[in-house]
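Subject: Structure handover, domain contacts

Hello,

Please find the structure below.

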Amino acid sequence: MQDFAYHNPGSVADAVAALKGADDGKFLAGGQSFIPVLRLGLAEPSDVINLKGLSDLQGIRDGGDHIAIGALVTHAEVETSDLVKGALPGLATMAGHIGDPQVRNRGTLGGSVAHADPAADYPAALIALKATVVTDRREIASSDFFRGLFETTLEEDEIITQVKFPKAEKAGYGKFASTASKYALVGVFVAKHGSEVRVAVTGASARYFRVAAMEQALAAHWSADALDGIVVPPDDLQSDMEADAAYRAHLVGVMAKRAVSAAG
Amino acid sequence: MSNTGIGKRVKRKEDRRFLTGKGRYTDDINLPRQAFAHFVRSPHACAKINGIDASEALSQDGVLGVYTGADWVADQLGGLPCGWLVKSKNGADQVEPPHLPLAPEVARHVGDPVAVVIARTKELAKEAASMVEVDYDDMPASGTLAKAITPDAPQVWPDASGNVSFDWEVGDEAAQQAAFAEADRIVEIEVTNNRVIPNAMEPRAAVASYDPNADSYTLYTTSQNPHLIRLLLSAFVMQIPEHKLQVIAPDVGGGFGSKIYPYSEEVVCTWTSKKVGVPVKWTADRSEAFMSDAHGRGHITKAQMAVKNDGTMLAFRVETYADLGAYLSTFATATPTYLYAPLLCGIYKMKAVYANVKGIFTHTVPVDAYRGAGRPEATYLVERMVDKVAGELGIDRIELRRKNMIQKDEFPYQTPLIFQFDTGDFEACLDTALEAIDFAGFEARRAEAASRGMLRGIGVSTYVEACGLAPSAAAGALGARAGLYESAIIRVHPTGSVTVFTGTHSHGQGHETAFAQIVAEKLGMEVDNITVEHGDTEKISFGMGSYGSRSLAVGGSAISKATDKVIEKGRKIAAHLLEASADDIDFEGGEYKVKGTDKVLPFGAVAFTAYVPHNYPHEELEPGLEESAFYDPANFTFPGGCHITEVEIDPETGVVKVVDVAAADDIGTVINPMIVDGQVHGGLVQGIGQALYEEAVYDDDGQLKSGTYMNYTMPRAADFPMFKVGFHVTACTHNPLGSKGVGEVGSIGVPPSVINAVLDALKPTGVTDISMPATAQKVWRAIQEAKAAQAAE
Ligand SMILES: Cc1cc2nc3c(=O)[nH]c(=O)nc-3n(C[C@H](O)[C@H](O)[C@H](O)COP(=O)(O)OP(=O)(O)OC[C@H]3O[C@@H](n4cnc5c(N)ncnc54)[C@H](O)[C@@H]3O)c2cc1C
C-alpha cells in the first residue's frame, strides 16, 4: 500500500475542500470496497478523506411519502431499523443479505451507491424504488445516477449525503448470492408504485437493467405466477465459473418470482 | 487420581493466548535490523527465462540485493527433495526433476518464483520487485490434468514422456481378472477428485538470520515439522550442518498438510540472510498462498467392480491419474500411491483389488498431501461405487454394505492390499450413525420436503483409513526416505512438575492440553503441573512432526513410554526410601506404595530426592529424573466409521443445502472428547467444503482461475447444521494408548456421503452422476440435461 495523507473532516464543506485540495483524493466510508482496492494497489490516492465524522450523513428519517437514509448508515442499521422494516420491509431484507455480518456492520449505503459495483445489491433497490440520491450540491434520480460498471454521475469531489426511498406500496428482493463472495450473481428488486411496477436486476450483467416484460405483466396482475413464461435473453449477461449466462438468465426469472412472493 | 487425565473434557491450555490474540506466530517475530523479501513470480504457466534485468531494482535506495536462480546455481546448492521414491511397474524410478528454489531457466507454473528482492521495508521490496524485468518466452502449457494426459500435450519435463513421473501398480492383477471372470456383473464408474487449495488461516511465513560469529543460521517458519525442514535443508538443499541450523516453528495457524513441506521461500530467506548480512523476513499474502502453497487431491479415475447378483463384492480394478503439479513436493508421490491405493478395499471383503496409478506432471503448483491425503480419494471412489452397485443390482445400499463389510470378529484382517487391520467394528459405527440421523424416519422427511417443492436426499458412506504411517522399516522398503517414529522427553523438575518435549508439532490441534492429559493420567497429577514443548529443534532432540493423524498414536505413545520409564526409575528411588524391594512398590494415583502396607511416598517427594540425592541408591542409579523414548510403531492405526449426510436441493436453482450430518467414528481411545469433537467438526466442514464448494481451477493454459476468495468458496459456519458426532471405540491393539487418530476422519468419510445424498435427492429427476463440487449451477444443469434427455426419449 502506498503512503497517503489522511484527513478526518468534521463537516461536508471541509471534506469537499480537502478533496479539492488534494492531487488525487478519495473519500472513505466503511472501507469495505475501498480498502481492498487500496491493498491490491489498484488505487494509489495521494489523500484519503474519512467521512465518518460527518454527522449530517447519519440517521434514518421518516419523510412522509419517503424514507431518507443517511449515506453513512450501515447495512446492519438498515436491516434492523424499525422504520425501514415497517415502511419498506423489502429494503431491510435486501440490506440483511449483503455480504456477511462484518461487512454489514461497516459497509454503508453511500459507499455502496458511490462504488456502483455491478454485483452490489443497493443499486437494484434504488432503481426499483425510484429513489433519489441527494448530494452536497444536487438531487439525482436513481435512473440517471448509475452509468455502468463502477461508474456514476458523481463528480470527483461530490459527496452523497442521503438517499430518499419513496414508500412503495409493495417491495421485495430475491437474491442469488455467490457462494464465494456473497455478492449477487443475480438480484432482482421488484416494487409496486400504484399502477406502476419496476423490476430491476443486479449482478446478472455489467449494468443494472429493468425488465419491461416483467414490469408490464406485474402491473397487469401482481403475482408471481404473472411472470410465468417470461424469459430474459442470456445474450448480454455475464458468464463466470460460478454462473454462466444461461444459468443467470434462468435465475433472473426465479428470483423475480421470489421477490414478488416476498413482497406479498 | 487426576481430574484432568485421559477422557476428560479439559479446556485447551493454549486457547487463552489464541483467543486473546496473544499467539506468537512467525509473522509476529521481528528480529533487529531485519530486511524483507519479495518474490518475483512467473505470470506464465510455462516460460523460458531468457534473462533477468534487476538494475533498476538494485538502484533503489534501501534495496539490499536481488537474487535469481542463476545465483543459486552458481552457489552449487541443491534442490527441494521428494521424500518418497515410487517405482513404476517396469521397475524404473519415478521421474524426479530438479526443484531449485528459484527457477533458473524455465518457469513451470504461475507463481513459480524466479527472483527475490531483499529490501529494508516490505513496501520497498514489493515495489522493487515490480521493477525486475524478466524476459520470458511464453510456451504452451499443460494447465490441467485432463490436458496433460492427452497424446500431444505440452511436456512439463523433457525426461517425463507423456508427463508421466511414475506408472505404478499394486495388487494381484491375475487374481483380480480371475474374480472378474466369475462375476455376474461388472459395474463401472468414472470419478474425478477435485483439486483443492488448503487455505490455512495463517499464510506461510519465514524469518531467517545468520550469525557470522557462530557461522550458524536460525529459521523461524510456519511448519508442521521443524526437524524435517532442518534435515532436508541440511542434507539436501543448503548443505548447512544440522548443528548450525536451528529451525523454530512457533504457533502455527493451521496447515492441513500444506505446511509439511520445505518451500522455496524459507530456503531463500535462509540463503539470503547470509548474503545481505541481516535477518530476512517474508510473509505470504493471500494471493501468493493461492498460487504457491501445495494444493491437494486432483485425481481422474476409472474403476470397475465385479459383483454377484446377490450383492457379493468380488474384486475391484482401479486406474487413476494423479496430478502432481510441476515439481515433486515431499509426499507428492506417496500420497496417490501408498496412502491411496491400499485403502481401495474400503471396509469390504474382496478377493482381489488391483490398482494402477499414473503420477502426472502439470504446469501447476505442486500437489501434495492435504487433510486425509490419499484416503479421501480412495474412500470417495469406493463409496460412490458401492451406491452405484446397489442401484444397478436393486439392493438396499445399507444391506449391501452390511453384507460385504468386515465383521468385528474377523480382526486382525489381512486385506489383499498390504494392510492388516488390527481392530474395528464397522457395523456398530454404521448402526450408531443410522440411529443418530434417524435413518428410519427419512422417507417421511423426504415427503415433507417434497410438499415444499424441495428434493431431499440421504447419503451414506463408510470408511477405514490408515494413520501414523509406520513402521519405519516397512515404509523404508516401500520407498520412504525418512523414519516414521516419534521422540519424547519427560523432564521432571525437582518439585515434581513436568516439562514434556515432543517431536510432533501442534498447528492448532491442542497438543499442549491432550499430551499433558496423558502424563497427568499416568503420574496422577493435574495438567496445570505439566508444560508441553514442541517446535524448536534446539529444545527437542528429534521429531517427525504432525501429519497423517500421527501425533497422538505415535507421539503420544512415545510420551507414554517415556513416562513409564520415569515411573520405573521413581520406583527404584521409592524402594530405597521406603526400604522395600522395587517389586513390592506399586505406583497409583501419584503415590508410590509398599504393597499391603500404608507406607506411601508422593511422586513429588521422589522427584525431589532424585535432585537432592542425600539419601539415594547411588550405586544403582544416577541422580535426576528425566527420561526419553523413541517410539516406532508396529503398524499403522486404522480409524474407521460411518458418515451420513442429509441434503435438500432446490430444483429451481440447484442449490444444495446440508440439513443434517451424523458421524460415528472409531478413533480408538479418546484422550479429550472436546478436542476430538472439534477435530471431527473441522474435518466434516473441510470434507463438505470439497464436496459442495471448493475447487482449484486452472484453465488449459495453466492460469489459476480461482485465485482469490471472490471465486474460491470456503465453507462458512452458516452453511452447516449442528453436527451429530458420536463414537464407537475399539482400542488399537499395538500402541500403549490404544489410540488411532482423529485429525483427518471428517474430511475422509464425509465427501462421498454428500454426493450420495445429492444423487439420492436427484433420483426423481433422472440425474445419475454429479462431480464434486456439486455447485448450484452444476446441479441445475444436470437437472436440465436429464429433463431434456427424458423429453427426447
Ligand atoms: C466480503 C465482502 C462481501 C460483500 N458482499 C456484498 C454484497 O453481497 N452486496 C453488496 O452490495 N455489497 C457487498 N460488499 C460491499 C459492501 O456492501 C460495501 O459496504 C460497499 O460496497 C461500499 O461501502 P463502504 O461504506 O464500505 O464504502 P468504501 O469502501 O469506504 O467506499 C467505496 C467507494 O465509495 C466512495 N464513497 C463512500 N462514501 C461516499 C459518499 N458518501 N459520497 C461519495 N462517495 C463515497 C469511496 O470514495 C469509494 O470510492 C461486500 C464487501 C465485502 C468486503
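A salt bridge here is a side-chain nitrogen of Lys or Arg within 4 Å of a carboxyl oxygen of Asp or Glu. By that rule, two salt bridges cross the interface of domain 2 of chain A and domain 3 of chain A. In a salt bridge between Lys175(A) and Asp121(A), the closest N and O atoms are 2.9 Å apart. Please keep in mind that this is a predicted model.

For orientation, the domain assignment divides chain A into domain 1 (5-50), domain 2 (59-166) and domain 3 (170-263). The rest of this message concerns domains 2 and 3 of chain A. Their centres, taken over C-alpha atoms, are 19 Å apart.

On the extent of the interface: 24 residues of domain 2 of chain A are in contact with 20 residues of domain 3 of chain A. The area buried between domain 2 and domain 3 of chain A is about 2000 Å², and carbon and sulfur atoms give 62% of that area. There are also 14 residue pairs in polar contact between domain 2 and domain 3 of chain A, counting pairs with both residues at pLDDT 80 or more.

On the domain 2 side that touches domain 3 of chain A, the elements giving two or more residues are α5 (89-96), α8 (122-128) and β8 (146-148) of chain A. Of these, α8(A) gives the most, with five residues. By class, this side of domain 2 of chain A has 16 nonpolar, four polar and four charged residues.

Regards

Conventions:
Residues numbered from 1 in each chain as written. Chains lettered and ligands numbered in written order. Predicted model: local features only at pLDDT ≥ 70, side-chain atom pairs only at ≥ 80, totals over all residues. Heavy atoms only, no water. Domains from an automatic or database assignment. Contact = heavy atoms within 4.5 Å. Buried area = accessible area lost by both parts, 1.4 Å probe. Polar contact = N/O pair within 3.5 Å; in protein donor to acceptor, adjacent residues only side chain to side chain. Helix = DSSP H or I, 4+ residues; strand = E, 2+ residues; numbered from the N terminus. Nonpolar A, V, L, I, M, F, W, Y, C, P; charged D, E, K, R; others polar.
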